[in-house]
Every structure is written in C-alpha cells, then in structure tokens.
Amino acid sequence: MAMKIAKGIMWFCAIGAFAAFFTGFESAFSSENDHRIVELWRLLGFIVFTALFILLALRPSQYPGIWEVVIFHKLAMSVISFNLLRDQVPDAGSVAIVDGILAVLLITAYFLSKSYTLWRLFGQSK
C-alpha cells in the first residue's frame, strides 16, 4: 500500500509539472528579450521534471540518486526563494510555497517507497 501511495504522489507531481509546462508558454514567448532565455530554460525545466517524476512514478525502486537530486533541487529552490522574499524578488513567494510543497511530497514518497535503501544495491550485478 505504501508503494501505491508513493507512486500516486509521483504521478501527481508529474501532472503538476506538465501543467506548469503547458501554462508557461505564454510567459516564455511573450517575455522581454532580456528575460526570454531564462523563461525558456524554466519552461524546458518543467518538462525535465515531468520526465523525472514519471520515471520515479513508474519504477520508484530503480533510480538511486535521482530521488536525492530532485529532492535537493526542490528543497534548495524553496529555501533560496524564501530568503529572496526579504528583497521582494518577484515570484519568490510562490516558488517558495510550490517547491516547498513539492519537497514535502517528494520526501514522503521517498520514504514510503523505501528508496533510501537503493544505494546498497548500487553497483551490484544482477
């Protein structure tokens, strides 16, 4: 049951990342020239995270390292964005909240799927 919940969480994250990609087209292509490359990079990042979340949803016990990388990214973005609030950086609040929620969901799925045990299998032949 825990594995099904972990997979469900990851599918939820994948759908959310894909929705962010789909809804990000307007801001990416209507942004000013000096921001367009950053917006396009962000847009493509949503697809990368969609793919990573799908991989983890399909086979959560097959990817040592991927879990930790995505958790690190979401935790780091949340902490950095939270710290940028004092400088009144646009979108820092929403990024801090969304990535913070994602970090909690990812950590929950990580422990439910027992993916922290994958490292002992890393490098072993089948």
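**Helix packing, pocket and backbone**

The axes of H3 and H4 approach within 11 Å and cross at roughly 135 degrees, where axes are lines fitted to C-alpha atoms, for helices over the stretch in contact, and angles run from 0 to 180 degrees between N-to-C directions. This is a predicted model, in which local features need pLDDT of at least 70 and side-chain atom pairs count only at pLDDT 80 or more, while totals for chains, interfaces and linings use all residues. Residues are numbered from 1 along each chain as its sequence is written, and side-chain values use heavy atoms, with hydrogens and water left out. Helices are DSSP runs (H or I, at least four residues), numbered from the N terminus.

**H3 and H4**
- H3 and H4 are therefore oblique to each other, given that angles under 35 degrees count as roughly parallel, over 145 as roughly antiparallel, 65 to 115 as roughly perpendicular and the rest as oblique.
- The contact (heavy atoms within 4.5 Å) joins Phe 49, Leu 52, Phe 53 and Leu 56 of H3 to Ile 66, Trp 67, Val 70, His 73 and Lys 74 of H4.
- By class, this contact of H3 with H4 comprises seven nonpolar, one polar and one charged residues, where Ala, Val, Leu, Ile, Met, Phe, Trp, Tyr, Cys and Pro count as nonpolar, Asp, Glu, Lys and Arg as charged, and the others, Gly among them, as polar.

**H1 and H5**
- The axes of H1 and H5 come within 8 Å and cross at roughly 150 degrees, and the two helices are therefore roughly antiparallel to each other.
- Among the residues making the contact are Ile 5, Ile 9 and Phe 12 of H1 and Leu 102, Leu 105 and Thr 108 of H5.
- The contact of H1 with H5 has 13 nonpolar, one polar and no charged residues.

**Largest pocket**
- The volume of the largest pocket is about 980 Å³; of the 32 residues that line this pocket, the closest to its centre are Arg 42, Phe 46, Met 77, Val 95 and Asp 99.
- A pocket is an open set of points on a 1 Å grid over the protein atoms alone, where a 1.4 Å probe fits, with protein on both sides within 12 Å along at least five of seven lines, and lining residues have an atom within 4 Å of a point.
- Grid points are joined across faces, edges and corners, and a volume is the space filled by probe spheres set on the points.
- Helices H1 (2–23), H3 (33–58), H4 (66–84) and H5 (92–112) each supply at least two lining residues, and the largest share, ten residues, comes from H3.
- The lining divides into 21 nonpolar, six polar and five charged residues.

**Backbone**
- Asp 91, placed in the loop between H4 and H5, has a positive phi near 70 degrees.
- Lys 114, in the segment after H5, has a positive phi near 55 degrees.
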